[in-house]
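Thanks for asking me to look this over. Here are my notes, point by point, with the cut-offs spelled out along the way.

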There are 2 protein chains.
Amino acid sequence: MSEDLVGNVLVGQSGGPTAVINASLAGVISEALNHPDIEEIYGALNGVLGILNEDLIDLAAESQQTIRGLKFTPGAALGTCRYKLKKQADFDRVLEVFKAHNIRYFFYAGGNDSQDTADKISKLAQAQGYALRVIGIPKTIDNDLVITDHTPGYGSVIKYISTTIREIACDNAAMGQHDLVQIVEVMGRNAGWIAAGAALAKRRDHPHDPPHLIYLPEVAFSTEKFVADIQRVLKREKFCLIVVGEGLVDADGNYIAAADATDAFGHAQLGGAADYLQSLVEQNLPGIKCRTVKLGMAQRCAAHAGSKTDADEAFLAGQWAVKSAIRGETDKMVTLQRTETDHYAVETGLAPLSEIANGVKKLPREWINEDGVSMNHQFIRYATPLIQGETQVAFDHGLPAFAKLDKVAIDKQLPAYET
Amino acid sequence: MSEDLVGNVLVGQSGGPTAVINASLAGVISEALNHPDIEEIYGALNGVLGILNEDLIDLAAESQQTIRGLKFTPGAALGTCRYKLKKQADFDRVLEVFKAHNIRYFFYAGGNDSQDTADKISKLAQAQGYALRVIGIPKTIDNDLVITDHTPGYGSVIKYISTTIREIACDNAAMGQHDLVQIVEVMGRNAGWIAAGAALAKRRDHPHDPPHLIYLPEVAFSTEKFVADIQRVLKREKFCLIVVGEGLVDADGNYIAAADATDAFGHAQLGGAADYLQSLVEQNLPGIKCRTVKLGMAQRCAAHAGSKTDADEAFLAGQWAVKSAIRGETDKMVTLQRTETDHYAVETGLAPLSEIANGVKKLPREWINEDGVSMNHQFIRYATPLIQGETQVAFDHGLPAFAKLDKVAIDKQLPAYET
């Protein structure tokens, strides 16, 4: 055990929101209350931007009811950002703010870019001899962080998508007299984890259930095969339900439906995969009706259809971050490890931030069937436990009543900073 | 009271499926079991097409569990069609099938085209002196049937959309550092009922809550006003959440985003309103990010987020159809009438099929605020009761377990018919 470190907690949220990133926040807050070494619990508004701007709030001042409500509230209650700390002055400012507010525990929930940011902040503190413990909390619907078995946020997005696919299947099956191609576009920039998750909509031992075809970034797209795939399905079924990930690529690795814009991290901004496939159907399969659904941002915040397992694990990850830091751990991210038992169970673990920051977990090619458009039993066995249990969202007058933070501001100690 | 009429029931489903049309089917079946004058309970597969083809099934043979499950199962369990009875031979065939199977009670769930079909069948039976009682059951997410206060299916679609808007609002509010325009496209071919329903996502006394702008077919669209509307919102808010109905029209009454295809009833097939508005944002508001969500068919089958009030009323409408027919009523559609009390309550009523068939209920212009992009208190008071209560969808292994009919076929008595 390392020495006691007495001071304040700062927690921040980063990157794209999920249905359960607030559950991790609730886990951090409720666990932090248990430890006498922790004096104050602050939140940074809009991730590192809030640190640079010294926009901190007092999370201990929030009501218990609010903290409980966070567990099923989508979005990111503290606000998030995609701002990348670029220059040395930015990092210096972060440390200056930490010192001004005696921040000794820093918890940052995000994907690999965010874990990289946390890692750099931690290394700078060490270089300057400022005692600080930094623990990352995994968060991304994309499920693409290495080492951890899966990431909080993923179970909920695939539960929502699979639910939607089952419902659309009921609808489309009813319209039995037409050849209909229904295309549902889902997120997934670099990996097909989300699109693959739609495979859960198939009931066990019902191989003909939708989705009939899943197009993944892991499998090079070919128009000829796409047309043949649909023709094969429509010979057998009344309709063809297709799920496509937004990050579809051709044999040369080029995005099928790329826009020219890129985000602050230089990632290509995608969209339009369903529209593109629809145009292929219209050009190559005359007389076949084609309809599209683009779930867009609705999918990453669908708390009302979220996974209880996912929310529970997100909460646990927040708690574990605090427990680990109190134990003296730093420069690590919380991981979820599947235990080697017959029944699904997870244990929390830790992995170095630097390893998380530099890796991307690909959907294993051996989990995709040879046809390239369906998932095999290994994937189903992996993903099924992640969607178990239904969230208990509170309803008020017929709609979800989500928690909102009061956001009591902490007095600024420093001059303003120009980002 | 009219004379007893002993014979068999035939029930069919028509037009686009909804989250609750199967609840009406469950209402018909469970009520029909109560009446000794009713001998057999048959279902027609795929609406009038199933009648023409003599594809009838034995609904009394289905398990009680299945009938109970229908109440929260989306789609149309019997299958539906958009086939229009065109020639006299079609109508004669329908009556021939009815006679062959001693059908004396015919219940047809659908929108105004379907009620028109039911009316014509009934008139032909009368002309031929064949004793038949025909009662229509209202069904359409579009909420555009006249006389009835609202239609089963509407409450569920607007509950789902409002839930989704609240969730996207949490997500977009978290991304607080960007000017973001988020466009959510919803259904609604001729009337803005569905898009208007998104207004329920605003909490009481929170006028700044999303949706910030609602574009309806009732208000002629102007690009200049659209751009000004967004600029006004983004001065005040961090993001601008827009809901648009697919049937948006310009000042000349032309669809903003029409395709050239039409359906069997001659209706224009729409789509792309969100894409069109996104292109306007990109052209007129450089630097503003714009994202789209197109809920498509997902919205009309979202039983997992459906309204209990809606499902209960759909069931009630099915029961009332049977009770009315047993009482001797015919040529009528079941209506839902709001009672004149402080608390919301509905009574069932009846209206002539011919009046339903020829009317379209428009969203009252006086329920839209003068700004043309928001709904006033009259609409909120009207719509709020329709989304109360949450459905109790059964889950199995983390996903909704929807009911499926066994579909025990009734032996055909007639030669095949060429449709």
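1. A definition to begin with: two strands pair if DSSP finds at least two bridges between them. Helices (H or I, at least four residues) and strands (E, at least two) are DSSP runs, numbered from the N terminus. On that basis, β4 (residues 103-110) and β5 (residues 133-138) of chain B pair in the parallel sense over six bridges. Within this pair, B:F107 stands opposite B:I135 in β5(B).

2. Some housekeeping before going further. This is a predicted model, in which local features need pLDDT of at least 70 and side-chain atom pairs count only at pLDDT 80 or more, while totals for chains, interfaces and linings use all residues. Residues are numbered from 1 along each chain as its sequence is written, and chains are lettered from A and ligands numbered from 1 in the order in which they are written.

3. Now the sheet of chain B. Seven strands form an open sheet with mixed pairing, in the order β3-β2-β1-β4-β5-β12-β13. Its edge strands, β3 (56-58) and β13 (346-352) of chain B, each pair on one side only. On average, neighbouring strands of this sheet are turned by 30 degrees against each other, direction ignored.

4. Two helices of chain B to view against these strands. Contact here is between residues whose C-beta atoms, placed from the backbone, lie within 7 Å; axes are lines fitted to C-alpha atoms, for helices over the stretch in contact, and angles run from 0 to 180 degrees between N-to-C directions. Helix α5 (residues 112-127) of chain B lies across β4, β5 and β12 (332-338) of chain B and runs at about 165 degrees to β4(B). Helix α10 (residues 308-326) of chain B packs on the sheet, where it touches β4, β5, β12 and β13 of chain B, and its direction makes about 165 degrees with that of β5(B).

5. How many residues of α1(B) are buried? A residue counts as buried if 20 or more other C-beta atoms lie within 10 Å of its own, exposed if 12 or fewer, and partly exposed in between, with C-beta atoms placed from the backbone. By that count 11 of the 12 residues of α1(B) are buried, among them B:N22 and B:E31. The buried residues pack against β1 (7-13), β2 (38-44), α3 (64-70), β4, β5 and α10 of chain B.

6. In chain A, helix α9 (residues 273-284) has 12 residues and reaches 16 Å from its first C-alpha to its last, close to the 16 Å expected at 1.5 Å a residue; the expected span is 1.5 Å times one less than the number of residues. Its buried residues are A:A273, A:A274, A:L277 and A:V281. Seen down the axis of α9(A), they fall within an arc of 95 degrees, so they line one face of the helix; the arc is that of the directions from the helix axis to the C-beta atoms. The face turned away from the buried side carries the exposed residues A:S279 and A:Q283. Among the elements covering the buried residues of α9(A) are β6 (180-186) and α8 (223-236) of chain A.

7. Helix α4(A) has buried residues A:F91, A:R93, A:V94, A:V97 and A:F98. They cover an arc of only 160 degrees around the axis, which puts them on the same side of α4(A). These residues pack against α2 (47-52), β4 (103-110) and α5 (112-127) of chain A. Just after α4(A), A:N102 takes a positive phi of about 50 degrees.
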